[in-house]
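Open the model in your viewer and keep the selection tool at hand. We will go from stop to stop, saying what to pick and what you will find there.

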Amino acid sequence: MLEVNNIAVNYGAAPALWDVTLSVNPGELVCVVGPNGAGKTTLINAIAGLHRVKGGSLRFNGQDITQLASHKFCDAGIAIVPEGRRLFTQMSVYDNLELGSFIAKAKVHRKASLELVLSLFPALKVKLQSPAGALSGGQQQMVAIGRALMARPGLLLLDEPSLGLAPSIVLDMFNAIRQINAQGTSVLLVEQNVAMAMALASRAYVVEEGRIVAEGQASELLTRPEIQKAYLGV
Amino acid sequence: MPSFNLLAQSILSGMFIGGLYGLIGLGLGLTWGLLRQINLAHFGLVFLAAYGSYHMATVWKVDPLLTLLILPPLFFVFGFSMQWVLAKFEISPFNSLLVTFGITVVIESLVQAIWTADFRRLETHYNDMKFTIGPLYVPVPELITLVLSVLLSLLIWAAMRYTDLGKALRAMAEDGPIASAFGINQKGMSLMLAGICAALAAVAGICLALTFTLTPSQIFAWVGVVFAAVMLGGLGSALGPLVAGIIIGVSEAVTMAVAAPSWAPIVSFSLLIVMLLLRPGKL
Amino acid sequence: MTIDKTIAGILGAGALLASIPWLGLPAFYESFLYLICHWMILALSWNILSGYSGYFSFGHGAFFGIGMYTSAGLAANLKWPFLWTLPAAALMAAVFGMALGFVVFRVKSVRGELFALLTLAITFVVGTVVLNTPIDGGPGIYLNAVKVPAIGPTASSSIYLMALMGAVATLIISYRIQSSKLGLGLFAIHDDEDAAEVMGVPTLNYKLVAFGISCGLAGLAGGIHALFVSYVTAGETFTIVVPLTVVLMSVLGGTRHWAGPAVGATVITCLLYFFTAGNNPIAGKAAVGVILVVVILFMPNGILGYFLKRTARKNATHTVPLSAVHGSAEPEAETAPRSAPLITLETKPLLEVRKLSKAFKGVQALDGVDLKVYPGEILGLLGPNGSGKSTFINVVSGHYVASGGEVFFEGQQLAGLPAHRIAQAGIARTYQIPRPFAHLTVLQNVSLVAMFGGAALDNKQATQEAWKWLEFTGLHSKAFALPDDLNLHQRKFLELARALASRPRLVLLDEVLSGLTPAEINEAIELIRKIRDRGATIVFVEHVMRAVMALADRVAVLNYGKLIAVGPAQAVMQNKEVVSAYLGTPHA
């Protein structure tokens, strides 16, 4: 479904990622882990069209999206839950969700999508008219995920959704992600919380210093020394 | 202490001029708040439309209210094109102030070249129309201005609040890249907004022509007080400039009635200064 | 005493121009030259604050007007001899400006467009006050009866000469400021005020001084102008015209160069005259507008700036021979090189924080952190994303104010001190995302810190010191380049060079290695070791674990703002709580 081939991404003149190849098959839940500054967010932003890719190619559902304009990525079927949520804080939760379905083909299903999101995150029902900025971290994360779901994506991208959240909330959130994947949406998850991510994913990639240093089945990757070394240096 | 009638009439005329401040400020505030551009050329456009309306009414005998149907669409195209050119250069908000100042000077010269520096007054049958509510006089041109101002502000407010496009604009102003990630075409939106604000400037210009005597040098006289209204009302707000404009207009009028007329400017600017110092976060 | 060549040049040109009244030319020339001088004073003085520091003021008209009315009032109403009114005019304007600045410059968010609008509003307020009070009262002030000081053969030539002297003085002041410590500080404020403050620039004081000088000179121009027009009214004076014209002239000429506004003033005055005298004054005005638009879009640095940048680019690619570097090639170690210090119970900590807390809008970034850093050690500050590491550095360096707790450096309490004083006390930091001063050369970026930071060197010594550190970090071939021309690796090393130039005793490194290639990381590790060997203590935030293992004597781990472990690296990284903080605990 998603094929990333040999891409390189620069920040200004400096290379942030190089030689990155990964893929997500339909219905899979794949995670990308690695220490901070390794380039995980850059990778996800590139796949979401938020960052230009230099060299290599991006293909989604057979379509070459490498040079596609940013605002067309959503239409292609990719939606992102960005690092730090990045909700439209001045607008209500309801408006945020509505905006998720801004594109024409999602707008048609707006009502149904909203019901789906609210069944996934019932706590949001009472918060629909509150300004998004007034919600707690966990609730904001729910809105961010909901907003992306409203776009009815084929591929959902999540960038460190557990950041800044209390452990109990993280648990609920990961359960929701599991459900979303079970209902048919492919997921590419970037996470710092390695143990949780590996428990969820079928396959995983480890990124360090801008390159992929390991990949494979999640369950066996967790025991590999690369991860220990990358995160803890020992 | 002035009589009650005088005071009431002052307040009323303050509301009228405040409505005009708000109408001029509406387009200015939207581009400032949503596009991060300080568009001084807005004032140039207002005057260009005012003169245009004057010309059509005086020379071509077109009813000034009909010009409301002709000029705004024309100006929409002009605003759209201007934004298209400016977007090619990524200029900072401050530099946009300088560039649009340059454009305004060009417009002022153009106006002066065509219509000379003589005072021009749009004389229509509307000028003589007024009706009375009790002891108060309500001149029709001013009333039209206030009504248009309120209507347009409410229309824009409703559009921003309830329509998809309006929400998309607000989202874009808050977080452009993420808005883009959800399908919102920033470039297209900016062009459309610039066009709309130019059209609003045209409406304001027509109202200006109806109520004031025109002379090219007057363009810059409005800058200060309208900026004050926009900043007090909040950048990017649809109703803010109207409300702030009316507050300023009424305060000025009351000051004029109670003290000497020349004290009036101090009101809006002092309010602006206080706001900037105490609540800069609001902007 | 050797006089600076530029100043000599200015004085020479001034003397030449001063001879004009005696050449017997028609009076028109004096008026024309008067106008050029008049606008030169206004544009140059405006540039001192607004061009150099980036605080674009739209209120220059207010101070010009204050000067004008002071002179007019004193001369016409109080019968002062005119020449005495000029210093009074300058003083009034300067005092008013500094009082305004004292209030406004402390409000952090009033910068950029907001400052411009606030100053514009001031113009109208002052104008209204002047109009409605006995200062003017309405009819204006007539100066026909005022005796013009007999400096030149005629009245108009005397006025011209006064303006000429003002222009010469302003040019010299503008030049001196640009090449002084004040100027450098102002340029730094222009590029990044917060970083400048953290590097030791006393931003508030410098802004006040610049504003005072700027307003004073505007007041002087106003005073002279009162005599020139001989009839002063509030309506004509306190408008938007003066500030806008002045901005136009400065931006056209180039705001970063001391002579830029003078060039702009001359060009615009000539243009305007040329068109006004011709058949088409309106076309002239339009042309001025078009010129402004074109210049801003294509030459945002102004005429002078555009040409200077091109020559600077050519210079930057010259390789600088090592022999040109003053002093030895390798900076001498200040103390004997050493390895990990022996920390005993008696060792006094260099830095000690007690119960340090910092909260942002409901998020507790730091929560009661107690930590000691010993002299000569390299301490790694670790923790997952969002654990408070950068906040720690920001609070200790003074970038943020702590919400609670205390910070002691060499026994001295730091909390509450403005950042530039903390820098001068001997603490330096790097930024995770490099924040160099974009319009200053690499060399200037480093020498600035040497001047303003703890070392407090003078201009010459600071430059030498800067060269040493550029050598040390391998950047000496890029000394005259602009930061934009450097790649990320070089920019990070520039951050390092800047941090070291103030000869700090404590260096705080914030993710210096992120974004570097593995080879570059190795280089950086070597460099950091060398820095410690020369006697500095280092606290560094890092995620690149192999660097941490290679460098750190001890590590401290933060999680959710709390300190959860501290001690030798190997042991701490195997601590159960630390492992779980990083990797998370598995749940089914």
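Start with chain C, which splits into domain 1 (27-310) and domain 2 (351-583); these bounds come from an automatic or database domain assignment. A word on the ground rules: this is a predicted model, in which local features need pLDDT of at least 70 and side-chain atom pairs count only at pLDDT 80 or more, while totals for chains, interfaces and linings use all residues. Residues are numbered from 1 along each chain as its sequence is written, and chains are lettered from A and ligands numbered from 1 in the order in which they are written.

Colour the two domains of chain C separately: their C-alpha centres are 42 Å apart. Where they touch, domain 1 of chain C supplies 17 residues and domain 2 of chain C supplies 21, with contact meaning that the C-beta atoms of two residues, placed from the backbone, lie within 7 Å. The domain 1 side of chain C is made of eight nonpolar, three polar and six charged residues. Here Ala, Val, Leu, Ile, Met, Phe, Trp, Tyr, Cys and Pro count as nonpolar, Asp, Glu, Lys and Arg as charged, and the others, Gly among them, as polar.

Next, select chains B and C together. In this contact, 38 residues of chain B meet 34 residues of chain C. On the chain B side, helices H4 (93-115), H10 (223-233) and H12 (264-278) each give two or more residues; helices are DSSP runs (H or I, at least four residues), numbered from the N terminus. H4(B) gives the most, with 16 residues. By class, this side of chain B has 29 nonpolar, eight polar and one charged residues.

Now zoom in on Ala121(C). Beyond its neighbours within four places in sequence, Ala121(C) is in contact with Ala228(B), Phe269(B), Leu272(B) and Ile273(B).

Finish with chains A and B, where 21 residues of chain A and 15 residues of chain B form the contact. The largest share of the chain A side, four residues, comes from H3(A).
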